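Reader: I have a structure open and would like to go through it piece by piece. Can we start with the pockets and then move on?

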Amino acid sequence: AEILTAVVEDGLYEHAQFMYSYGDDPEMNSFIEFAREKNFGTIAMKTARGIGRMKDDQAFMDRLPEGTSPHNALARWLTTGTKLDAAVIRVRNLDEFVETYSGAGKELRAQDIQAIGIMTEQADRTTCRLCSKCQPHCPQGVPITEILRFERYAMDDHDWNKAKTLYAGLPNKGDTCISCGTCVEFCPQSLNIPIKLSHAHISLG
């Protein structure tokens, strides 16, 4: 948010695209408010945080309120529950496109707000927000954010070839983590990052 704010104040650009999704993110929320005041365009990407793996989990899907779905609730929230100007939502097939498009521009209902809350709770336990706050503190220089972004390509987009190819190109992989736990201290989600890196290395390595 600090860098984006500087970009707005610099005045050279008219808009920016950045990672943003559901869940508590006061710094980015404040930036979006600031950008709106300055008439600076905002475009969110990587918005479907963890939705792919949620939809693969029938027990999770059964917890959602009747008449709601992850993509539909997400589209409603992005287009009417935030002050974004535009958003990119990853869909994998025609059904997900219909599910998403049918929610765009429509107000959040009580059951959608409940669904977003359930999704947030799940994503905060399972899916990195890619904020990079942990990254500078890794003594081994493990590219945590990159690895967990590739994990999202695999687990949520089901694009395993892309994820494995990108992972193979990293000079420093998840198996160089020494499980010191320093990164966890700086994770706003309190994710068990060493365990996630280990799992990512096994599945992508």
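Reader: Which helices and strands each supply at least two residues of the lining of the largest pocket?

Author: This is a predicted model. In it, helix H1 (2–10), strand S1 (15–19) and helix H2 (26–37) each give at least two residues to that lining.

Reader: Which of them gives the most to the lining?

Author: H1 does, with four residues.

Reader: What volume does the largest pocket have?

Author: About 560 Å³. The pocket is lined by 22 residues, and Ala1, Asp25, Glu27, Met28 and Cys131 are the closest to its centre.

Reader: How many of the lining residues of the largest pocket are nonpolar, polar or charged?

Author: Twelve are nonpolar, one is polar and nine are charged.

Reader: You mentioned Lys46. Where does Lys46 lie?

Author: Lys46 is in the loop between strand S2 (41–45) and H3. Its phi is near 55°, which is a positive value in a residue other than glycine.

Reader: Is Lys46 buried, exposed or partly exposed, and why is it put there?

Author: Lys46 counts as partly exposed because its relative accessible area is 28%, and that class runs between 20% and 50%.

Reader: Which loop holds Ser190?

Author: Ser190 lies in the loop between helix H10 (182–185) and helix H11 (193–204). Ser190 also has a positive phi, of about 55°, although it is not a glycine.

Reader: How far apart are Met155 and Val7?

Author: Their C-alpha atoms are 33 Å apart in space, and the two residues are 148 residues apart in sequence.

Reader: New topic, the core. Which residues have the most contacts inside the largest nonpolar core?

Author: Phe18, Tyr20, Tyr22, Phe31 and Met119 do, in a core of 28 residues. H1, S1, H2, H3, helix H5 (70–80) and helix H7 (110–126) each supply at least two residues of this core.

Reader: What is Phe18 in contact with?

Author: Leaving aside neighbours within four places in sequence, Phe18 is in contact with Leu4, Met28, Phe31, Ile32, Thr42, Ile43, Ala44, Met45 and Leu84.

Reader: How many residues are in the other core?

Author: Another core, of 21 residues, lies apart from the largest one. Val142, Ile144, Ala154 and Leu204 are among its residues.

Reader: What do nonpolar side chains tend to do in general?

Author: In soluble globular proteins, nonpolar side chains tend to be buried together.

Key:
Residues are numbered from 1 along each chain as its sequence is written. This is a predicted model: local features need pLDDT of at least 70, side-chain atom pairs count only at pLDDT 80 or more; totals for chains, interfaces and linings use all residues. Side-chain values use heavy atoms; hydrogens and water are left out. On a 1 Å grid over the protein atoms alone, a cavity is a set of points where a 1.4 Å probe fits but cannot get out, and a pocket is an open set with protein on both sides within 12 Å along at least five of seven lines; lining residues have an atom within 4 Å of a point. Grid points are joined across faces, edges and corners, and a volume is the space filled by probe spheres set on the points. Ala, Val, Leu, Ile, Met, Phe, Trp, Tyr, Cys and Pro count as nonpolar, Asp, Glu, Lys and Arg as charged, and the others, Gly among them, as polar. Buried means under 20% relative accessible area, exposed over 50%, partly exposed in between (1.4 Å probe, protein chains only). A nonpolar core is a set of buried Ala, Val, Leu, Ile, Met, Phe, Trp, Tyr and Cys residues joined through side-chain atoms within 4.5 Å. Contact means heavy atoms within 4.5 Å.
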